[in-house]
Amino acid sequence: MSVVSGSPGLVRDFAAVVGGLVVFLAAVPALAEGPATEGSACCRVEYQLAADGELFASADPDAAPLTQTISLSASFDFDELLDDPDASAAISRRYQAAAATLTIDGESQRRELAADAGSLFVAVEGTTPLPFLADGFLSRSECELLDLPFDPVLLDRLSPAEAVAEGATWTIDADLVAGLLAIDTVETGSLEATLDEVAGGTGQVSFEGTVHGAVDGVSTRIAVNGSFQTPVSPGEASDTWQLAAGLAQLEVSLAERRQAGWVAPGLDVEATIRISRIGESTLRPVETARLAPTLPNRPAGPGRPGHVWHQHPHGRYSLAVDRRWRVVEDGPNGVVMRLVDRGMLVAQCSILPLPRGDADSPATVDQVQRDVERSLGSQFGRIAEAESLSRSDGTRVVRIVADGTAEGQPFRWIHHVLTDPQGYRAAVTCMLEPAMLERFAVADSELVAGLTLLPDRPREASRPAATPR
């Protein structure tokens, strides 16, 4: 085993562009039933996003930033049932189409939602929409595809609770702004909205502003200019109007400049979003021809908001993991991830497939402990914890916790060696500073609990290894 360390390269990651903006996790809401059936009343939503700009990063702090031009075109068509307007409720959403094409320096990538993920739920944690499956897990790329600025589930919150007169202005709540822009926090600045006019029972509202905030631990500046139409009814006071739920049309332009960070490149982009919502529609059957083919080997649920599915390029393992673990490298030799919690880099983890061994002779605590001491070398200080346990599926896990130093700073390494009943094995190593132990909590145990070991598929039948990110 070895400790994998390094810095992220120029991240070709939809999460860095689809909104420029992506997120973090939630609790699991209770679901009484699955997505609704055909014929149910719903709201039909069409969403279009286009963006152009640059990604930038620097492998060397003293070197000029590396830049790449980007353009993005994304289109979504879905039915949405708002069974409960309460923020904690999960809504049912059925996609007819969901696809995005990202072009980086002339090289295009296309992401599509798979047919077996077309019917899903969206939970809202605070002002963060979190799509998830009732009985499975969305892949990381699917979650990134669906993480959109101005997610329609948040749009009705743009209207003020009280009735307002034509020409009246109000400040949009900062937490809502963060959710709409898919960033962690708004630190300074605001968005101001104005009821410009009312005609035929419809209010025309404009909004604009510039906010400075943070996402994934780096600062970002976003200029916003947009408008929307929404139903209105007369307020109790004369010459006032109550803006009702059911926002029908929205257009918004975004200009964002974000610094490069631990898990994503910087970006300088301009984007345009157009959303159309048609209420009182009837839920349509899914047209699977407009979605991508069903994904093989998708792990069964129950699904959890804030968790994603990640699979080894050659099928050596399948992983259902907290989305706070962000991939920075992925390939046949394993994956390197970084845990980012509320903008703070908490830990780094590597998952390394090992050669198949004897299922009747799994690794012992003493063997793994010696391997840990040998691999850490001069960095090793002491063994803090050592244990062996068995999971309910028969997989045996040896867990060794070692304290030591790296580059003169104290660090903790948490090593796991897994052996399943067929002898398939993997090593999982987490590395963090002692100051992060409380925030890290049991993240390693949760990660290992979601890791399933699988036989290696033939190389010619597997998808190409991912580019190190």
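Predicted model: local features only at pLDDT ≥ 70, side-chain atom pairs only at ≥ 80, totals over all residues.
S19 and S20 form a hairpin with 5 residues between them, and Gly-394 in that turn has a positive phi of about 90 degrees.

- S19 and S20 are antiparallel and share 9 bridges.
- Why call S20 largely enclosed by the rest of the structure? Because 9 of the 11 residues of strand S20 (residues 396-406) are buried.

- Strand S17 (residues 334-341) and strand S18 (residues 344-354) run antiparallel, with 7 bridges joining them.
- Met-337 has Cys-349 as its bridge partner in S18.
- As background, side chains in a regular strand alternate between the two faces of the sheet.

**The three-stranded sheet**

- A separate entry in the strand picture is an open, antiparallel sheet of 3 strands, ordered S14-S15-S23.
- Its edges are strand S14 (307-311) and strand S23 (451-453), and each of these pairs on one side only.
- The average twist between one strand and the next here is 10 degrees.
- S14 and strand S15 (residues 317-322) are antiparallel, with 5 bridges.
- Across that pairing, His-307 stands opposite Asp-322 in S15.

**Nonpolar cores**

- The largest nonpolar core has 95 residues.
- Which of them touch the most other members? Those are Phe-76, Phe-150, Leu-250, Trp-325, Ile-351 and Phe-440.
- There is also a second, separate core of 13 residues, including Leu-354, Leu-376, Val-398 and Ala-427.
- Trp-325 is worth a click: setting aside neighbours within four places in sequence, its contacts include Arg-140, Arg-338, Gln-348, Phe-440 and Leu-447.
- Met-337 and Cys-349 are also among the contacts of Trp-325, and those two are the bridge partners mentioned above for S17 and S18.

**Cavities**

- How many cavities of 30 Å³ or more does the structure hold? There are 5.
- The largest cavity has about 90 Å³ of space.
- Its lining comes from 12 residues, with Pro-129, Leu-146, Asp-147, Leu-148 and Asp-151 nearest the centre.
- The elements giving two or more residues to that lining are strand S3 (91-104) and strand S6 (128-132).

**Loop residues to check**

- Phe-150, already named in the largest core, is in the loop between helix H1 (140-146) and strand S7 (169-171).
- The phi of Phe-150 is positive, about 55 degrees, even though the residue is not a glycine.
- Phe-150 has 0% relative accessibility, so it counts as buried.
- Asp-216 is in the loop between strand S9 (202-215) and strand S10 (218-234), and here too a residue other than glycine has a positive phi, near 55 degrees.
- Is Asp-216 buried or exposed? Its relative accessible area is 11%, so it is buried.
- Gly-343 is in the loop between S17 and S18; with 17% relative accessibility, it also counts as buried, because the cut-off is under 20%.
- Leaving aside neighbours within four places in sequence, Gly-343 contacts Asp-184, Asp-216 and Gly-217.
- Gly-343 and Gly-217 are 126 residues apart in sequence, yet their C-alpha atoms are 3.5 Å apart in space.

Key: Residues numbered from 1 in each chain as written. Heavy atoms only, no water. Core = buried A, V, L, I, M, F, W, Y, C linked by side-chain atoms within 4.5 Å. Buried < 20%, exposed > 50% of the residue type's maximum accessible area, 1.4 Å probe, protein only. Contact = heavy atoms within 4.5 Å. Pairing = 2+ DSSP bridges. Helix = DSSP H or I, 4+ residues; strand = E, 2+ residues; numbered from the N terminus. 1 Å grid on protein atoms, 1.4 Å probe; cavity = no way out; pocket = protein on both sides within 12 Å on 5 of 7 lines; lining within 4 Å. Points joined across faces, edges and corners; volume = space filled by probe spheres on them. Axes fitted to C-alpha atoms, helices over the stretch in contact; angles between N-to-C directions.
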